[in-house]
Amino acid sequence: MLLRQKPSNKMKLPELLNSDLSEKVVRPYIIAEAGVNHEGDMDLAMRLIDEAREGGAHAIKFQTYKAETIASKDSPAYWDSTKESTQSQYKLFKKYDKFWKNEFEALKKYCDQADITFLSTPFDLESAVFLNPLMGMFKISSSDITNKPFVEFICDFKKPIILSTGASNLAEIEEAVNWVGEKGNPLGLLHCILNYPTKDKNANLAMIGDLIRKFPNHRIGYSDHTLPKNMKTLETAVLLGASILEKHFTHDKNLPGNDHYHAMDKEDLKVFNQNLDSLFELLGEAEKNSIPSENLARQNARRSLIARRHIPAGKRIESEDLTWKRPASGISPREIDKVMSSTAAKDIPEDSILQWSDIIG
């Protein structure tokens with residue numbers, strides 16, 4: 001199946017969202033979430049694009065917002081203050097909201113040149129409007145899963161949507177899925193824990209399976225905020241059925257700030273893609289069958305019916321006349337009932353491997 005093959009960076013997410021949902025474990029679509037890790041520097045943003053492409057991401061995603069439209073001035077922090085000391089969401093967002101329409105148009109053009117899909121999550125109506133011509137799909141943040149007017153506004157662009165489900169209960173997810181469903185947009189859902197960072201004990205990857213069961217008509221993925229370490233968290237998510245993966249991406253995990261220390265870099269991404277190569281080599285074919293490399297074992301490790309004792313010609317064959325031994329070059333033991341209703345066509349020496357020519361009807 002196509003989705004079991006190693007995809008190119010030209011793999012399109014709508015293809016995945018509209019693919020056969022009976023295939024539970026597929027090669028995932030990887031989104032490098034650069035967010036605002038460019039810190040307002042266009043050269044750095046382009047470097048992130050290049051490194052995401054080099055690492056093997058299918059898409060790089062930024063975030064588009066203005067502090068004034070995303071948070072009130074007294075909105076408190078919800079991140080690890082030992083890593084990011086800013087205590088006001090407004091103040092933090094104000095640090096990184098310098099890119100707007102012209103900058104994102106330039107980044108889109110650069111992504112096209114680099115052969116990687118451009119995405120950016122809008123956080124207000126104006127940014128959604130100017131991002132629309134630049135993208136083939138929209139990502140909606142966990143923080144907007146209950147924002148009905150915004151979700152419906154995004155839906156009206158008639159493009160596929162990925163919706164993160166961080167900090168959401170099932171009823172809230174069902175409600176948002178219904179809003180999108182009424183508009184008819186293809187939809188993917190991402191399991192997400194809205195902690196920065198997410199401790200391993202809080203990752204709850206098993207919730208991926210619950211989303212697959214509860215929303216069988218939609219592709220399910222995972223947006224990861226755990227520390228990257230050996231990338232086994234994402235690998236496990238794939239085994240559990242996540243077919244879209246999103247993880248924060250940086251050029252330097254040692255930089256201060258909220259979205260660097262729990263992000264992956266290009267080397268992490270390379271390791272993960274190597275892990276996927278090994279994983280899908282192990283997974284192989286989805287449909288159970290014997291494979292060519294097992295042919296010798298089928299022939300020599302299986303058994304045939306064997307004459308336990310000398311069987312004279314014309315004798316009706318009884319269970320006491322038979323045993324079963326390797327190899328499988330004679331009559332299979334699964335045919336024993338048919339053999340025991342037969343007679344010996346000729347003398348059959350002890351320990352002979354029975355052939356159909358040795359018996360009569």
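Helix α10 (residues 232-239) packs against helix α11 (residues 266-283) at an angle of about 30°, and their axes lie 10 Å apart. Here helices (H or I, at least four residues) and strands (E, at least two) are DSSP runs, numbered from the N terminus. Axes are lines fitted to C-alpha atoms, for helices over the stretch in contact, with angles running from 0 to 180 degrees between N-to-C directions. The crossing of α10 and α11 is right-handed, a term used if the near helix is turned clockwise from the far one by less than a right angle. On the α10 side, the contact is made by Leu234, Glu235, Val238 and Leu239, and on the α11 side by Phe272, Asn275, Leu276, Leu279, Phe280 and Leu283; contact means heavy atoms within 4.5 Å.

The structure is predicted, local features need pLDDT of at least 70, side-chain atom pairs count only at pLDDT 80 or more, and totals for chains, interfaces and linings use all residues. Residues are numbered from 1 along each chain as its sequence is written, and side-chain values use heavy atoms, with hydrogens and water left out.

Strand β6 (residues 187-192) holds histidine 191, which counts as buried because its relative accessibility is 2%. Buried means under 20% relative accessible area, exposed over 50%, and partly exposed in between (1.4 Å probe, protein chains only). The neighbours that histidine 191 touches, leaving aside residues up to four places away in sequence, include Thr165, Asn204, Met207 and Tyr222. Its side chain also reaches the backbone oxygen of alanine 203 at 2.9 Å.

The side chain of glutamine 89 reaches the backbone oxygen of proline 76 at 2.8 Å.

The backbone has some features worth a visit too. Most residues other than glycine have a negative phi, and most peptide bonds are trans. Alanine 167 has a positive phi of about 60° and sits in the loop between β5 (161-164) and α8 (170-183); its relative accessibility is 65%, so alanine 167 counts as exposed. Methionine 231, with phi near 70°, is found in the loop between β7 (219-224) and α10, and counts as buried because its relative accessibility is 2%. The peptide bond from tyrosine 196 to proline 197 is cis, with omega near 0°. The bond from arginine 326 to proline 327 is cis, with omega near 5°.

Terms used
Polar contact = N/O pair within 3.5 Å; in protein donor to acceptor, adjacent residues only side chain to side chain.
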